[in-house]
Amino acid sequence: MTTELCMLMWSVVLGLVQVALAATCTVGQRGLGWTASPRDEAKPPLSGIGGRLQRASANFLETFPFFVAVVLAAHLLQRHDHLTVLGAQLYFWARVAYVPAYAAGIPYLRTLIWAASIVGIVLVLAATF
């Protein structure tokens, strides 16, 4: 397996961990009864770390499809070089760093980390042309 595909698989694991963290916080703030219900009644957003973890998870889900697309395109086109490896690793490790930075509420650092993950996507994308 290429490094890019390996980073893709680890990113899936990271996404699942983020969903689990957000779900755990939801249960903690709203209770198991609400979580298991059809959720017909509107509730305010999660607060504190729970809200930040939920938003970090949502942000991951916004960028992940782009990462999947460029990694699979590069793989299908057999474009594999130091830039695709760097881009895939940059995306993954930036997304790993993003979770605690967002959970801790560090605004500018979080934004820089997010930008690094986008640069990772762009590096892999550039290799497909």
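Ala 97 is found in helix α3, which spans residues 82-103. In this predicted model, Ala 97 has a relative accessible area of 32% and is classed as partly exposed, because that class covers values between the 20% limit for buried residues and the 50% limit for exposed ones.

Is Gln 18 buried or exposed? With a relative accessible area of 2%, Gln 18 is buried, as the term applies to values under 20%. Which residues does Gln 18 touch, leaving aside those up to four places away in sequence? They are Ala 56, Ser 57, Phe 60 and Val 99. For Ala 56 there is a further detail: a polar atom of the Gln 18 side chain lies 3.2 Å from the backbone oxygen of Ala 56.

The tour ends at the start of the chain. Met 1 lies in the segment that comes before α1, a helix running over residues 3-36. Its relative accessible area is 77%, so Met 1 counts as exposed, the threshold being over 50%. Met 1 also belongs to a nonpolar patch on the surface, together with Met 9, Val 12 and Leu 16. Taken together, these four residues have about 450 Å² of accessible area. Gln 18, by contrast, is buried at 2%.

Notes:
Residues are numbered from 1 along each chain as its sequence is written. This is a predicted model: local features need pLDDT of at least 70, side-chain atom pairs count only at pLDDT 80 or more; totals for chains, interfaces and linings use all residues. Side-chain values use heavy atoms; hydrogens and water are left out. Patches are made of residues with over 30% relative accessible area and no salt bridge: like charges are joined within 9 Å, nonpolar side chains (Val, Leu, Ile, Met, Phe, Trp, Tyr) within 5 Å. Accessible areas come from the Shrake-Rupley method with a 1.4 Å probe; for residues, only the protein chains shown count as cover. A salt bridge is a side-chain nitrogen of Lys or Arg within 4 Å of a carboxyl oxygen of Asp or Glu. Helices (H or I, at least four residues) and strands (E, at least two) are DSSP runs, numbered from the N terminus. Buried means under 20% relative accessible area, exposed over 50%, partly exposed in between (1.4 Å probe, protein chains only). A polar contact is a pair of N or O atoms within 3.5 Å; within protein, one must be able to donate a hydrogen and the other to accept it, and residues adjacent in sequence count only if both atoms are side-chain atoms. Contact means heavy atoms within 4.5 Å.
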